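This report is an introduction for a reader who meets the structure for the first time.

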Amino acid sequence: MNKKQLSELLNSLTLKQKIGQLFQSPGVAYNDDATATGVTYLPWLNSDTVENAGSTLNIFDNKKLRQIQKNHLKKNPVPLLFMADIINGYRLVFPSSIAQGCSFNPDLAQKAAKITAYEASKCGVSVTFSPMIDVARDARWGRISEGYGETALLNKDFGVANVKGYQGDDLSSDDTIAACVKHFAAYGATYDGRDYNEAQISQNTLKSVYLPPFEACIKAGARLIMPSFNTINGIPCTANKKLLKDTLRDKWKFDGVVISDYGAIKETADIGGAKDYAETAKMSLECGVDIDMVSESYYFNLEKLVENGEVDEKLIDQAVMRVLMLKNDLGILDDPYKYIKEEFDNFDFSSEQHEDFAKDFVCQSSVLLKNEGELPLNKKDDIAFIGPFSVINELMTNWSRVTPHRDKGISIEQALAQKFGKNKFSCIKGSKFAQPEIRSVKLEKFENASPSQEELIKQAVSKAKESKKVVLFLGEHKDLFGEATSRSDISLPKPQKELFDAVYEVNKNITVVLFAGRPLEIKDISQKSKALLYVWFPGTYGAEAIVDMLFGDAVPSGKLDMTLPQCIGQVPIFCEKPVPSHYSASIEGGIKHAYSCRWIDVTNYPLYPFGYGLSYTEFEYSDIKISADTMTRDEKITVSVDVTNKGGVDAYETVQMYIRDVVTPYLSTPLKTLKAYKKVFIKQGETAKVCFEINEEMLKYYNIDNEYISENGEFKVFVGANSAEDNFVKFTLK
Ligand code: BGC
């Protein structure tokens with residue numbers, strides 16, 4: 001439709017129909033099979049709301065979707081838009097976002113999003129609530145696995161890559177879908193690690209850390225954005241004028257669709273920020289929130305507010321026009337069945353190329369934290385494979401439950417059989433996933449009562465005793481992280497600690513493969529094991545890729561996108577922390593002087609720093625050079641380093657560049673901020689020269705007056721294999 005036709009369509013709608021376009025009804029209102037991702041006790045929901053709704057979420061089944069659309073069009077002149085949480089893959093599931101960030105390779109994320117859009121667009125979905133680009137630094141937070149780690153830069157790069165991957169160059173094409181970036185903003189800055197909790201942050205931190213990924217995604221053309229559930233300094237994001245109107249609409253010129261999070265609009269009243277849901281409706285609409293996801297706030301109040309003259313109908317028209325434009329650009333105004341054509345019902349998605357790519361993505365996302373000569377394994381060795389994660393498939397996060405057509409993949413045990421034949425290696429569970437006290441926070445039962453924990457450990461010990469080496473597959477079950485699943489204890493669940501200790505008693509040649517949704521507290525197992533491979537949640541081809549890595553047919557090349565703490569008391573611990581006062585006394589971890597910023601019972605160092613990760617080869621860094629000692633604002637200078645692959649295999653290395661602005665008047669800024677990285681493939685024996693260009697943008701920061709500027713003076717440029725390395729060169733900005 002052209003602009004004129006869109007305006008005609010808008011003008012032909014009654015006020016009620018227009019308000020309907022601004023309401024998203026839950027999938028369960030149409031179909032019992034829809035996946036619920038929020039409260040489903042909605043007594044206000046009736047046939048009228050459902051008929052008038054403009055969109056719905058998380059229903060999958062082409063036949064049912066066609067029927068729903070058909071019924072809808074009998075009563076509504078505008079087709080229904082189907083949105084969904086397609087997170088990290090539709091049929092083919094890729095590594096979790098926190099794992100993807102460790103690849104330091106956003107091109108892979110873009111390709112994965114493109115494959116996802118291709119698959120989802122044949123299953124009814126034309127909008128995905130992805131990517132999530134919430135910077136997160138508190139490992140207690142349950143949703144930390146959904147973003148790309150602790151830095152603004154990785155969240156920005158991976159966010160943009162996802163937007164480009166989903167949307168392509170042309171939203172109207174058959175294989176693309178619209179991206180909804182979320183959660184705007186500072187959802188990951190939860191005060192104490194609990195989900196939905198307030199964020200208390202300075203304007204400076206908000207602007208320099210939490211907003212840049214969103215701004216970049218908006219610039220890259222993301223069509224939707226979702227304000228977050230949390231409050232920032234007390235103000236709910238769904239009714240935050242500064243954030244949604246002044247910044248998003250006015251400054252960034254966003255003219256796409258703002259959709260609230262599930263039930264979020266009404267919450268402004270629930271927390272005491274408005275007297276009732278009519279007031280929350282007015283507040284959010286005036287802030288530019290177009291769609292009310294599953295709350296009664298807009299649908300039951302906007303009509304009256306217009307009639308009373310409290311809300312200008314023009315605001316409603318603007319919001320409806322944005323929704324209609326989205327539907328138009330996706331092509332469903334012309335063809336309501338575009339994404340649910342009958343020919344898609346038996347669509348063959350299989351593609352060897354996609355599968356190989358998925359496997360490679362796992363290897364590039366897995367982080368080898370320790371290796372005392374244990375890995376790669378030799379298939380001739382006598383190895384015991386033990387642990388609860390060795391015998392299950394679906395090595396993916398809980399979001400995948402939303403998409404019923406996911407390919408669940410195979411278990412480690414099956415992958416071993418696939419690679420070496422059925423009788424070569426076997427796996428045993430060895431312990432329960434978690435103690436019942438933790439499990440009771442989730443209704444889902446994921447373990448049988450028998451065999452008992454004692455029996456499982458007994459079997460594990462006897463197997464470990466008779467083997468030369470042991471590989472333990474441990475971690476946190478997918479029900480122990482995710483939305484509303486924060487933890488105050490981030491160590492391995494008790495039964496698995498018992499398993500580790502019991503095996504360690506009888507066999508010290510332990511390799512641990514860790515599955516996790518967050519940085520875990522693993523000091524003890526890291527010290528006691530000989531090799532440690534952190535695989536997060538790797539997705540459909542996880543098991544095959546892990547077995548390939550264990551036996552050296554693939555090389556892990558991930559580097560941590562999150563700092564791993566020594567203990568929970570250090571959390572939040574992250575690389576880009578502003579320098580504390582008494583820093584010079586605490587510089588060595590608090591040993592030099594009592595009056596220093598430190599803990600008395602643990603050093604200031606993490607267990608593993610941001611950017612850390614080993615390979616099956618060794619890389620040597622030498623000859624760091626800078627092209628000039630001074631730089632002006634319209635110049636660019638270059639830093640280069642030689643990286644030599646000294647080991648026995650060809651492999652990737654991620655070279656990182658951090659910058660320190662030595663003097664920032666009146667303000668403490670981070671000692672090091674990640675500014676650039678390059679992942680290079682270096683053949684054994686060869687040297688790569690890796691160059692980074694430094695431009696003025698990389699030197700800017702928010703000063704005490706909140707101006708985004710660069711400051712004349714000295715800068716240090718650190719180039720190395722991780723954030724803890726201290727090789728630097730200097731230059732002066734003039
Ligand atoms: C989550 C969002 C999600 C939405 C729809 C909410 O509970 O916070 O991330 O997209 O539900 O399922």
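## Helices and backbone details

Helix 7, which covers residues 152-167, has 16 residues and reaches 22 Å from its first C-alpha to its last, close to the 22 Å expected at 1.5 Å a residue. The model described here is a predicted one. Because 13 of the 16 residues of helix 7 are buried, this helix is largely enclosed by the rest of the structure. Gly168 follows helix 7 and has a positive phi, near 55°.

Two helix pairs can be described by their packing. Two packed helices are described by the angle between their axes and the distance between the axes. The table gives these values for both pairs.

| Helix pair | Angle between axes | Distance between axes |
|---|---|---|
| Helix 1 (residues 3-12) and helix 14 (residues 313-330) | about 130° | 10 Å |
| Helix 16 (residues 412-420) and helix 21 (residues 542-550) | roughly 60° | within 8 Å |

On the side of helix 1 the contact involves Leu6, Ser7, Leu9 and Leu10, which meet Asp317, Val320, Met321, Leu324, Met325 and Asn328 in helix 14. Sorted by class, this contact of helix 1 with helix 14 has seven nonpolar, two polar and one charged residues.

Helix 16 and helix 21 are likewise oblique to each other, and the crossing of helix 16 and helix 21 is right-handed. Helix 16 brings Ile412, Ala415, Leu416, Gln418, Lys419 and Phe420 to the contact, while helix 21 brings Ala543, Glu544, Ile546, Val547 and Asp548. By class, the contact of helix 16 with helix 21 has seven nonpolar, one polar and three charged residues.

With a relative accessibility of 4%, Ser145 counts as buried, and, not counting residues up to four places away in sequence, Ser145 touches Ser96, Ser97, Ile98, Phe481 and Gly517. Lys266, in turn, lies in helix 11, residues 264-270. Leaving aside neighbours within four places in sequence, Lys266 is in contact with Tyr277, Thr280, Ser295, Glu296 and Ser297. The C-alpha atoms of Lys266 and Gly539 are separated by 35 Å, and these two residues are 273 residues apart along the chain.

The backbone also deserves a look. Most residues other than glycine have a negative phi, and most peptide bonds are trans. A cis peptide bond, however, joins Ser130 and Pro131, with omega about 5°, and Pro131 has its place in the loop between strand 4 and helix 7. The peptide bond from Val571 to Pro572 is cis as well, with omega near 0°, and Pro572 is placed in the loop between helix 21 and helix 22 (583-586).

Asn58 is a residue other than glycine with a positive phi, near 60°, and lies in the loop between strand 2 (55-57) and helix 4 (62-75). At 0% relative accessibility, Asn58 counts as buried. Asn233 has a positive phi near 45° and lies in the loop between strand 7 (231-232) and strand 8 (235-236), where Asn233 is partly exposed, with a relative accessible area of 37%.

How values were computed: Residues are numbered from 1 along each chain as its sequence is written. This is a predicted model: local features need pLDDT of at least 70, side-chain atom pairs count only at pLDDT 80 or more; totals for chains, interfaces and linings use all residues. Side-chain values use heavy atoms; hydrogens and water are left out. Axes are lines fitted to C-alpha atoms, for helices over the stretch in contact, and angles run from 0 to 180 degrees between N-to-C directions. Helices (H or I, at least four residues) and strands (E, at least two) are DSSP runs, numbered from the N terminus. Contact means heavy atoms within 4.5 Å. Ala, Val, Leu, Ile, Met, Phe, Trp, Tyr, Cys and Pro count as nonpolar, Asp, Glu, Lys and Arg as charged, and the others, Gly among them, as polar. The expected span of a helix is 1.5 Å times one less than its number of residues. Buried means under 20% relative accessible area, exposed over 50%, partly exposed in between (1.4 Å probe, protein chains only). Angles under 35 degrees count as roughly parallel, over 145 as roughly antiparallel, 65 to 115 as roughly perpendicular and the rest as oblique. A crossing is left-handed if the near helix is turned anticlockwise from the far one by less than a right angle, and right-handed if clockwise.
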